[in-house]
Amino acid sequence: MAFEPPQRLVRALGESAPDGDDWVERLPETAEQAVALRELTVERVQVPGGRSSLVVLVRRADGTPAVLKLAPARARPESERAALAHWEGRGAVQLLEPAVAEGVLLLERLHPDVSVRSLPEAKALLEAAGALRRLWVEPPDDHVFETVAERTGRQASVMRGASAEVAGLVSAALEARESLLAAPPEERLLHGTFRQSKVLSGVRSPWLAVGPDPVVGECAFDLARLVRDRVEDLIASPSGAATTRRRIKRLAESLEVDQERLRGWTLFRAVESGVRALRVGRPKDAELLLEFAGWL
């Protein structure tokens with residue numbers, strides 16, 4: 001079959017590498033080779049799919065359903081592989097093979113169209129938080145995962161070049177980062193990009209996390225992205241700011257995370273995402289994120 005990359009993927013990769021590379025052009029051939037090597041039967045490409053990888057629903061030679069995932073090096077697929085191997089299916093999708101080719105992962109098949117986001121908001125937050133808790137384990141002694149300090153340091157460098165109109169929020173976010181990094185309370189392996197849509201329904205467990213961009217650091221950093229889930233609904237609500245404050249309090253208490261540290265990382269991550277959205281030409285997304293950050 002033809003492995004046509006979904007337009008969502010093409011657009012997102014264009015934003016992350018505006019000068020381009022040939023990964024997308026080589027993708028059909030790479031996918032064909034990966035399928036042939038593993039003797040897989042292709043069912044369909046997942047559409048609209050993600051923003052950093054091609055996801056193909058397949059069956060193995062014995063008929064077992066699986067997922068073939070192909071991602072460019074800048075999406076750090078080998079870091080994802082290492083994290084999934086360390087979790088061994090506890091709270092996350094199961095890795096089905098060791099490294100065969102860089103950027104190609106064969107994974108357990110979950111229900112790709114059923115995420116926690118399909119639940120009512122309160123239930124979705126509860127289930128997502130429960131899934132996230134299981135991922136927070138000690139990293140391997142010899143790990144090579146990026147740290148929160150390293151990742152946010154790269155992001156902070158870019159944020160300093162933001163336009164004057166967002167200078168106040170950027171300054172507050174950068175100050176929060178410096179304070180938070182001064183005395184991190186723990187060091188855990190984190191999902192890195194956790195949100196409701198990253199938790200899918202499974203067979204061996206009701207909900208399992210997918211698509212990590214793993215990082216090592218404190219748990220509040222991981223939880224911060226979940227705080228702003230469904231941000232468009234929060235902004236549209238007249239009680240959005242109050243709801244956000246209650247959400248921070250509820251999540252912090254349920255996962256035993258310091259409330260102020262969660263607020264600080266939520267601020268940093270929202271501003272960083274908003275500045276990035278401005279930079280790549282998504283002004284509507286930027287407006288939502290920066291208004292949300294202003295509540296914090």
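## Packing of α4 against α9

Helix α4 (residues 121-135) packs against helix α9 (residues 240-254) at an angle of about 35°, and their axes are 11 Å apart. The structure described here is a predicted model. The two helices, α4 and α9, meet in a right-handed crossing.

On the α4 side, the contact is made by Glu121, Leu125, Ala129 and Arg133, while α9 contributes Arg247, Arg250, Leu251 and Ser254. Divided by class, the residues in this contact of α4 with α9 are three nonpolar, one polar and four charged.

## Packing of α10 against α11

A further helix pair is formed by α10 (residues 259-279) and α11 (residues 283-294), whose axes come within 8 Å and cross at roughly 160°. Because angles over 145 degrees count as roughly antiparallel, α10 and α11 are therefore roughly antiparallel to each other. The crossing of α10 with α11 is left-handed.

Helix α10 makes the contact through Thr266, Leu267, Ala270, Val271, Ser273, Gly274, Val275, Ala277 and Leu278. Its partner α11 supplies Pro283, Asp285, Ala286, Leu289, Leu290, Phe292 and Ala293. In terms of class, twelve nonpolar, three polar and one charged residues take part in the contact of α10 with α11.

## Aromatic pairs

Three aromatic pairs are present in the structure. One of them joins Phe221 and Trp265 in an edge-to-face arrangement, with 5.2 Å from centre to centre and 90° between the planes. Phe221 belongs to helix α7 and Trp265 to helix α10, so this pair ties together parts that are 44 residues apart in sequence.

Both Phe221 and Trp265 are buried. Ring pairs also bring Phe268 into the picture, linking Phe221, Trp265 and Phe268 into a cluster.

## Residues with positive phi

Most residues other than glycine have a negative phi. Two residues that depart from this pattern are described here. Glu88, although not a glycine, has a positive phi of about 50°. Glu88 is located in the loop between α3 (77-87) and β4 (104-108).

Arg230, likewise a residue other than glycine, has a positive phi near 60°. The position of Arg230 is in the loop between α7 (219-227) and α8 (231-236). With a relative accessible area of 12%, Arg230 is buried, because buried means under 20% relative accessible area.

Definitions and conventions:
Residues are numbered from 1 along each chain as its sequence is written. This is a predicted model: local features need pLDDT of at least 70, side-chain atom pairs count only at pLDDT 80 or more; totals for chains, interfaces and linings use all residues. Side-chain values use heavy atoms; hydrogens and water are left out. Helices (H or I, at least four residues) and strands (E, at least two) are DSSP runs, numbered from the N terminus. Buried means under 20% relative accessible area, exposed over 50%, partly exposed in between (1.4 Å probe, protein chains only). Axes are lines fitted to C-alpha atoms, for helices over the stretch in contact, and angles run from 0 to 180 degrees between N-to-C directions. Angles under 35 degrees count as roughly parallel, over 145 as roughly antiparallel, 65 to 115 as roughly perpendicular and the rest as oblique. A crossing is left-handed if the near helix is turned anticlockwise from the far one by less than a right angle, and right-handed if clockwise. Contact means heavy atoms within 4.5 Å. Ala, Val, Leu, Ile, Met, Phe, Trp, Tyr, Cys and Pro count as nonpolar, Asp, Glu, Lys and Arg as charged, and the others, Gly among them, as polar. Rings of Phe, Tyr and Trp (its six-membered ring) pair if their centres lie within 6.5 Å; planes under 30 degrees apart count as stacked, over 60 as edge-to-face and the rest as tilted.
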